[in-house]
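Subject: Structure for you to look at

Hello,

Here is the structure you asked about. Please open it beside this message and follow along.

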Amino acid sequence: MKLATIKDGTRDGQLAVVSRDLKLAHMADGIAPTLQAALDDWAFIAPQLAELSDSLNNGRTRRHFDFDPAQCMAPLPRAYQWADGSAYVNHVELVRKARGAEMPASFWEDPLMYQGGSDDFLGPCDDIVLAHEAWGIDFEAEIAVITGDVPMGATPDEAQQHIRLVMLANDVSLRNLIPDELAKGFGFFQSKPATSFSPVAVTPDELGDAWNHGKVNLPLRSTWNGKLVGEPHAGTGMIFNFPQLIAHLCKTRNARAGSIIGSGTVSNKDASRGYSCIAEKRCLEIIEGGAAVTEFMKFGDTIRIEMLDNEKRSIFGAIDQKVAQA
């Protein structure tokens, strides 16, 4: 099934079930008011949502309405936890190579992960509002999952059973603020503004054969100012799958229902597939020519992030945003 959160003037919006073709939606207010409420009692609520989804997809509902991604908040407008990994180690290797730093061998065996702000996510069509272009505005096309309760010490096999939903993310980065923050030795903070998510989050079964071994085995498209700049394959080069990322998160703590875990920037060694963030393009330019040529985003720029199935149908709807000045 596919789930969305519709804007209603409140912090958490209203939960809705969306048709498989993303054309229709039906409020789930008679089942659960919000997605977090559904996640908190998933075993009881999910079958009811699935029944409503089946009715919607088979034309048996009366109160459905046209689905409009512009009226969507993030599927979880605020979450108990947002932890972003860096599962595509090629991306990390390129960034370090561009600045002449060797990558520790441990990065291939132990995932990188940071804890981001989760109290204020952006909807798929909300503007990315920032004060200065000089901060180095960059998009990052990623995949993310939402979990149920995951106990501390869960193995990857155990963690996989707690993945409830899959969605897309735009983990906006302010590249020119990152070096000074990392130099402090305490990680990202100001350099990571609000993250955006796709209009809908889907249960893994909606992905069919594309959901395999805890990965989404399809290309992820990034279109910057109307030009397709990247279509790397999300199943290729993902060194750590989602169950492994969740197990890493839960090594020393529980993860509660409504936790969101990101894949990090989707990246392939095959540079002909393009890029999922501008920083990666700039790193390749530095490695090949000694200097970065591609500039970061400007006010008025647009970014569209979308994943299509093998029949070229949108799975999650598109993140479709504009950069605006505060």
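Does Glu306 count as buried or exposed? This is a predicted model, and in it Glu306 has a relative accessibility of 13%. The cut-off for buried is under 20%, so Glu306 counts as buried.

Some detail on that residue comes next. Glu306 belongs to strand β19, which covers residues 302–306. Leaving out residues up to four places away in sequence, Glu306 touches Leu168, Leu220, Arg221, Ser314, Gly317 and Ala318. With one of these, Ser314, the side chain of Glu306 makes a polar contact, side chain to side chain, at 2.8 Å. I also checked Asn225: this residue is 81 residues from Glu306 along the chain, and the two C-alpha atoms are separated by 14 Å.

Asp309 is in the loop between β19 and β20, the latter being residues 319–325. With a relative accessible area of 18%, Asp309 is buried. Its contacts, apart from neighbours within four places in sequence, are Leu218 and Ile315.

Next, the salt bridges. How many does a search of the whole structure find? The search finds 16.

The side chains of Asp12 and Arg78 form a salt bridge, with 2.8 Å from N to O. Asp12 sits in the loop between β1 (2–6) and β2 (14–18), and Arg78 in the loop between β4 (65–66) and β5 (81–85), so this pair ties together parts that are 66 residues apart in sequence. Asp12 is partly exposed at 26% relative accessibility. Arg78 is also partly exposed, and its relative accessible area is 36%.

Glu206 and Arg20 are joined in a salt bridge through their side chains, at 3.0 Å from N to O. Because Glu206 is in the loop between β13 (201–202) and β14 (211–212) and Arg20 is in the loop between β2 and β3 (24–27), the pair ties together parts that are 186 residues apart in sequence. Glu206 is buried, with a relative accessible area of 18%, whereas Arg20 is partly exposed at 47%.

The side chains of Arg304 and Asp320 also meet in a salt bridge, at 2.9 Å from N to O. Arg304 lies in strand β19 and Asp320 in strand β20, so the parts tied together by this pair are 16 residues apart in sequence. Arg304 is partly exposed, with a relative accessibility of 32%. Asp320 is partly exposed too, with a relative accessible area of 33%.

As for the network, which residues are linked in it by salt bridges? They are Asp138, Glu140, Asp171, Arg175 and Lys192.

The last item is a helix. Why is helix α6, residues 242–249, largely enclosed by the rest of the structure? The reason is that 6 of its 8 residues are buried. The buried residues of α6 are Phe242, Pro243, Leu245, Ile246, Ala247 and Leu249.

Regards

Methods
Residues numbered from 1 in each chain as written. Predicted model: local features only at pLDDT ≥ 70, side-chain atom pairs only at ≥ 80, totals over all residues. Heavy atoms only, no water. Buried < 20%, exposed > 50% of the residue type's maximum accessible area, 1.4 Å probe, protein only. Helix = DSSP H or I, 4+ residues; strand = E, 2+ residues; numbered from the N terminus. Contact = heavy atoms within 4.5 Å. Polar contact = N/O pair within 3.5 Å; in protein donor to acceptor, adjacent residues only side chain to side chain. Salt bridge = Lys/Arg side-chain N within 4 Å of Asp/Glu carboxyl O.
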